[in-house]
Each structure stands twice: as C-alpha cells, then as structure tokens.
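Biologist: I've got the model open on my screen. Could you walk me through how to read its features?
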Amino acid sequence: MALLEIKGLRASSGGREILKGIDFTLEEGRTAVIFGPNGSGKSTFLGSIVGLPKYDITKGNILFKGKDITGMSTYERTQLGIGLAFQYPPSIKGVRLRTLLDTMNPDKEAIDHTSEILDMSPYLDRDVNVGFSGGERKKSEILQLMVQMPDLLLLDEPESGVDIENISLIADALKIILEKDKPIKKRRRSAIIITHTGFILDYIRADKAYVMMDGRILGCGSPSEIFEEIRARGYKECQKCLEEAKKENHAA
Ligand SMILES: Nc1ncnc2c1ncn2[C@@H]1O[C@H](COP(=O)(O)OP(=O)(O)O)[C@@H](O)[C@H]1O
Ligand SMILES: [Mg+2]
C-alpha cells in the first residue's frame, strides 16, 4: 500500500481553479521532488495535502495510510502524521519558539538536541520567526518538523533564501528525519520536496522527480536527468508536454 495516493485532485483558491486534475503516488520511505515554474501550483498542491483552509478541494481524493483524508481538518491530518514546512513561514508574535516546540513534543532533550544540530539554540527563547532572517525562518521550519517527526514531510522550497552553509545544515537534518543512512526498504518516512532551483538535490538524494506546470503533473523520471534537462533548456520542452496534456484532457 502506498503511503500517499492522490486521484484526480482539483483545487481552487480565491474562486480560481489552480490544480487541474493531479494523480500522484508516494511509497513509504521514498523522497519525491517536484520542479515547476513560479505559479504552477506547487504550494497549492502541498497546502491541499495538509488541508490548509485557503484551498478548496473541488474534486478527487487524497488517501493517506489508506484513509481518505480529503474532508479532514489540518489538525486531523497532522495528527495522522503529515507535516508541512512553509515556503513563506509566518511570524507568531508573543509565542516563543520553545513553547511551540514543547506543544509539538514535550521531550526537552529532543528539543535541545535538534536545536543544536540546526544551530538554532540561541533562537529558542525568541518569538517564532519574529525578526528572523530568511535562512533562520527556514531552519526554524525544519526544526519544528524534526521535533514533530511526521511520517510524510512536505517541504516547500526548503533551500530558497538560505546560504550554502545553512543549506547543508538543513540537508543534514532532513537526512536524519528521512533515515537516509538506512537501506531504502527500512526507511519509514517519506517526503515531497518542492524546488525551484534544484540546489537541494546537491545535498539530498531523491528517488523520483516530477514536473508541475499550470496545475498539472507532466510525467516523472530520475531526479538528475530531469534537473539536467531543465537546467539546459528551461521549461520550454515542458511547455510542449503541457499542450499535449491539455489535448488529451480535451479528448477525454
Ligand atoms: N487565494 C488565491 N486567489 C487567487 N489566486 C491564487 C490564490 N492563491 C494562489 N493563487 C494563484 O495560483 C497560482 C499557483 O500558486 P502557487 O501554488 O503558490 O504556485 P507555486 O508554488 O508553483 O509558485 C498562482 O498564479 C497564484 O497567484
Ligand atoms: Mg510556491
């Protein structure tokens, strides 16, 4: 059984359809990466999986661990083991980072240990993300995931706005959560990593890559091959696939 199975997903926000029929499957212990130009619906896809209220699922189903979670609240989905690291993490004035982490997992030693891995100990007594730099916000997101330890990690551009040293700290933390030191069959947690630049792939291995464009997923392949193709030709070739996909949709 797949950990995550998505069938014919359509979603809109602000009255506008953004996801236009997505089929997607992720097995336990696997990492998928999704490329795509700005505005193609990548953040909407992750937000729909975790059930953020700003997205309306208008069609299709999301199954997680075999359960239909399509109508569940974000809280219920996180309780089942889904965790999201936001592309633009919000600040929460008046709530200390330590307090937030403690609500997620009251194990103080785990909090202190993971904070050290990410070099975030000095930030624990500050308000969540208030006055944090771009890189610090991203590390605070990963720290929260490390303390939650969800079975499915949704990572929305974890490397954007982060300098090289901190990207490698983030990647180290992700490798621990995703048990990359174990053989693939023994890994239990899975991830979907959205990346615009592909830089994160220099640090962490993905098993499969997808390209999203105009609310659709256009095929999949090996992460290095797809990334090389995009690096060499941009999304021009994908535009052709998109036209094909639209024609097929039309024919169906
Ligand atoms: N609430 C909303 N109202 C109208 N349009 C929206 C809303 N949220 C997102 N969109 C639009 O949907 C498209 C996809 O957004 P998004 O999922 O954030 O793309 P990506 O993460 O791939 O850059 C964008 O064109 C964006 O402006
Ligand atoms: Mg986005």
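Biologist: Let's start with a bridge: which residue in β2 is the partner of Glu 5?

Modeller: Strands here are DSSP runs of E with at least two residues, helices are runs of H or I with at least four, and both are numbered from the N terminus. Two strands pair if DSSP finds at least two bridges between them. In this case Glu 5 has Thr 25 of β2 as its bridge partner. β1 and β2 pair in the antiparallel sense, over eight bridges. Gly 14 belongs to their hairpin, which has two residues between the strands, and it takes a positive phi near 55°.

Biologist: Before we go on, what are the ground rules for the model and its numbering?

Modeller: It is a predicted model, with local features needing pLDDT of at least 70 and side-chain atom pairs counted only at pLDDT 80 or more, while totals for chains, interfaces and linings use all residues. Residues are numbered from 1 along each chain as its sequence is written, and chains are lettered from A and ligands numbered from 1 in the order in which they are written.

Biologist: In what order do the strands of the four-stranded open sheet run?

Modeller: The order is β2-β1-β4-β5, with antiparallel pairing. β2 and β5 (67–68) are at the edges with a single partner strand each, so one side of each has no neighbour in the sheet. β5 pairs with β4 (residues 56–64) in the antiparallel sense over two bridges, and there Leu 63 stands opposite Asp 68 of β5. On this sheet packs α1, touching β1 (4–13), β2 and β4, and its direction makes about 70° with that of β2. For that sort of number, axes are lines fitted to C-alpha atoms (for helices, over the stretch in contact), and angles run from 0 to 180 degrees between N-to-C directions. Touching means contact: two residues whose C-beta atoms, placed from the backbone, lie within 7 Å.

Biologist: How many residues surround ligand 1?

Modeller: For a shell like this, a residue is near a molecule or strand if its C-beta atom, placed from the backbone, lies within 6 Å of it. There are 13 around ligand 1, the closest being Gly 14, Gly 39, Lys 42, Ser 43 and Thr 44. β2 (16–26) and α1 (42–50) supply at least two residues each, and α1 gives the largest share, three residues.

Biologist: Which classes make up that shell around ligand 1?

Modeller: Ala, Val, Leu, Ile, Met, Phe, Trp, Tyr, Cys and Pro count as nonpolar, Asp, Glu, Lys and Arg as charged, and the others, Gly among them, as polar. The shell around ligand 1 has nine polar, three charged and one nonpolar.

Biologist: On to the other sheet: which strands of the six-stranded one are at its edges?

Modeller: This open sheet has the order β6-β9-β10-β3-β11-β12 and mixed pairing. Its edge strands, β6 (82–85) and β12 (216–221), each pair on one side only. From one strand to the next, the twist averages 20°. One parallel pair is β9 (residues 152–156) with β10 (residues 190–194), over five bridges; there Asp 156 has Ile 194 of β10 as its bridge partner. Helix α7 (residues 223–233) lies across β3 (31–35), β11 (208–213) and β12, at about 40° to β11.

Biologist: And helix pairs: at what angle do α3 and α5 cross?

Modeller: Angles under 35 degrees count as roughly parallel, over 145 as roughly antiparallel, 65 to 115 as roughly perpendicular and the rest as oblique. The axes of α3 (residues 97–104) and α5 (residues 134–148) come within 9 Å and cross at roughly 25°, which means that α3 is roughly parallel to α5. Leu 97, Leu 100, Leu 101 and Met 104 of α3 make the contact with Ser 140, Gln 144, Val 147 and Gln 148 of α5. That contact has five nonpolar residues, three polar and no charged.

Biologist: Which other helices pack against α5?

Modeller: α4 (residues 108–117) does, at an angle of about 140° with the axes 10 Å apart. Ala 110, Ile 111, Thr 114 and Ser 115 of α4 meet Leu 143, Met 146 and Val 147 of α5. The axis of α6 (residues 164–177) also comes within 10 Å of that of α5, crossing at roughly 10°, so α5 and α6 are roughly parallel. The α5–α6 contact divides into eight nonpolar, two polar and two charged residues.
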